[in-house]
Structure formats: structure tokens, C-alpha cells
Amino acid sequence: MSAPEFEQRHTSDDFGHFIKGWIRNPLAVGAVAPSGKSLARLMAKGVGAGSRVIELGAGTGTVSAALLASGIHPEDLYLVECDPTLVKILRRRFPLCHVVAADVLDLELQFDATGYFDFVISGLPLLCFSADKRHRVLRQAIELLNPRGQVHQFTYGGRCPVDRGLRAALRVDSTLLGVAPFNLPPAFVYRLSRAAG
């Protein structure tokens with residue numbers, strides 16, 4: 001299937017830029033390769049036309065492409081990435097999307113419309129973050145969601161990367177959305193949503 005007209009394909013340099021970023025700062029990247037297509041499709045599960053979405057840690061855009069393929073309008077997709085080289089790749093590949101060059105710890109400085117989004121799709125390596133940083137990122141992400149909004153978070157660790165104490169503090173529940181066994185390495189995706197009551 002060819003890429004939609006609002007999405008440009010990866011170039012041969014994109015993977016090289018990803019690897020260079022991993023060599024410079026492996027904890028910030030959190031993966032040895034960009035997300036595979038099976039993981040990208042799983043991250044986009046349940047997201048569709050009419051949804052307003054923020055993707056955190058958009059990287060080279062593999063998950064972004066799956067989100068657009070699910071029917072999201074490009075103008076409803078906000079791609080947050082802090083690496084300047086990856087920001088350039090995202091702007092080239094997705095010229096009709098909003099590419100936000102920012103640190104995920106400062107989401108509240110980038111988005112002032114709380115309750116505006118339906119989904120936050122997180123490609124962040126949360127297990128590499130300190131407890132304080134995990135709390136800060138997730139608190140800001142949840143504040144951006146409408147009352148029925150959801151966070152999709154991947155992990156390689158199997159268990160939900162948002163521990164029970166943090167879920168209680170943020171008043172969210174977690175459910176396993178699915179497993180991408182053929183991703184390198186295999187990945188799990190969890191859905192976080194506001195706890196009932």
C-alpha cells in the first residue's frame with residue numbers, strides 16, 4: 001500500500017539518524033530500533049477518524065504513519081519530539097501534521113487547551129525515567145485528555161510501566177491493549193484511562 005499523499009516515506013537516512021541518536025543517548029531513545037509496524041498498528045488500536053491525538057516521542061514517524069492510516073486527519077495529529085534531527089524528519093514526512101519540537105516534561109507550556117484531546121500515544125521509554133519525571137509527564141498528558149480520553153503506552157517489560165502507586169495518584173486504571181510479539185524486541189501496549197468515580 002502506498003503512503004497517503006499527506007505522508008512521505010522514510011528515506012534511507014532516517015534509520016541512520018535514529019541509530020546515531022541511540023548511540024548518543026540510549027536512555028532517551030529507549031529502543032535499539034524504531035517501532036515495527038505491528039507495534040505501530042497496536043499503538044493506534046481504537047483510534048480513528050475524528051480523534052484528536054498527541055504522540056509523545058514520535059521518533060522517525062512509524063507510529064505516526066499508523067495513526068494516519070487509522071483515519072486520523074493530519075491536522076488532528078500533534079507529534080511531539082525533542083531531537084532536532086528527528087523533528088526535521090517528521091516535518092518532511094508529515095507536512096500537514098503539527099510537529100512540536102519540545103521536551104515532553106514541558107507539555108503544559110506547549111498545549112494550553114486542557115481536555116482537548118482524545119488520545120495520548122506515548123512512545124516514551126517510561127521505565128528509563130525517574131519516578132518524578134514519570135509522574136510529571138503522565139500528569140500533564142492526562143490533563144490534556146477529555147474525560148473519556150486514553151493514554152496508550154508501550155513497554156518491553158511486560159508489566160504496565162505505570163506502577164500501582166502512580167496509577168492511584170493519577171486516578172487512572174490500566175488494561176493490556178495487546179502484545180506485538182514480532183516487534184524487535186517484543187512489546188506490550190497498555191491503555192490508561194481515568195478511574196471510575
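Analyst: In this predicted model, Phe188 is partly exposed, because its relative accessible area is 22%, and buried would require a value under 20%. Phe188 belongs to strand S7, and, leaving aside residues up to four places away in sequence, it touches Gln153, Phe154, Thr155, Tyr156, Gly158, Leu176, Gly178 and Val179. Between the C-alpha atoms of Phe188 and Arg159 there are 8.1 Å in space, although the two residues are 29 apart in sequence.

Strand S7, which spans residues 187-194, also holds Arg191. Arg191 is buried and yet has no salt bridge, since the nearest side chain of opposite charge, that of Asp173, is 12 Å away, whereas a salt bridge calls for a side-chain nitrogen within 4 Å of a carboxyl oxygen. What the side chain of Arg191 does have is a polar contact of 3.2 Å with the side chain of His152. With residues up to four places away in sequence again not counted, the contacts of Arg191 are Lys45, Gly46, Gln150, Val151, His152, Asp173, Ser174, Thr175 and Leu177; Asp173 is thus in the contact list, even though its side chain forms no salt bridge with Arg191.

Thr155, one of the contacts of Phe188, leads on to Pro125, for the C-alpha atoms of these two residues, 30 places apart along the chain, are separated by 7.2 Å. Pro125 sits in the loop between strand S4 and helix H7 (131-144), and it counts as buried because its relative accessibility is 8%.

Strand S4 (117-122) is in turn among the elements that cover the buried residues of helix H4, together with helix H3 (37-43), strand S1 (53-56), S2 and H5. Helix H4 (residues 62-69) is largely enclosed by the rest of the structure, because seven of its eight residues are buried, namely Thr62, Val63, Ser64, Ala65, Ala66, Leu67 and Leu68. Just after H4, Gly71 adopts a positive phi of about 115°.

Two of the covering elements, S2 and H5, also take part in a further arrangement. Strand S2 (residues 77-81) pairs with strand S3 (residues 98-101) in the parallel sense over four bridges, and Tyr78 stands opposite His98 of S3. From S2 the chain passes through helix H5 (residues 84-93) to reach S3, in a β-α-β crossover that is right-handed.

Terms used
Residues are numbered from 1 along each chain as its sequence is written. This is a predicted model: local features need pLDDT of at least 70, side-chain atom pairs count only at pLDDT 80 or more; totals for chains, interfaces and linings use all residues. Side-chain values use heavy atoms; hydrogens and water are left out. Buried means under 20% relative accessible area, exposed over 50%, partly exposed in between (1.4 Å probe, protein chains only). Lys and Arg count as positive and Asp and Glu as negative; His and the chain ends are not counted. A polar contact is a pair of N or O atoms within 3.5 Å; within protein, one must be able to donate a hydrogen and the other to accept it, and residues adjacent in sequence count only if both atoms are side-chain atoms. Contact means heavy atoms within 4.5 Å. Two strands pair if DSSP finds at least two bridges between them. A crossover is right-handed if, with the strands pointing away from the viewer, the path from the first strand over the helix to the second runs clockwise.
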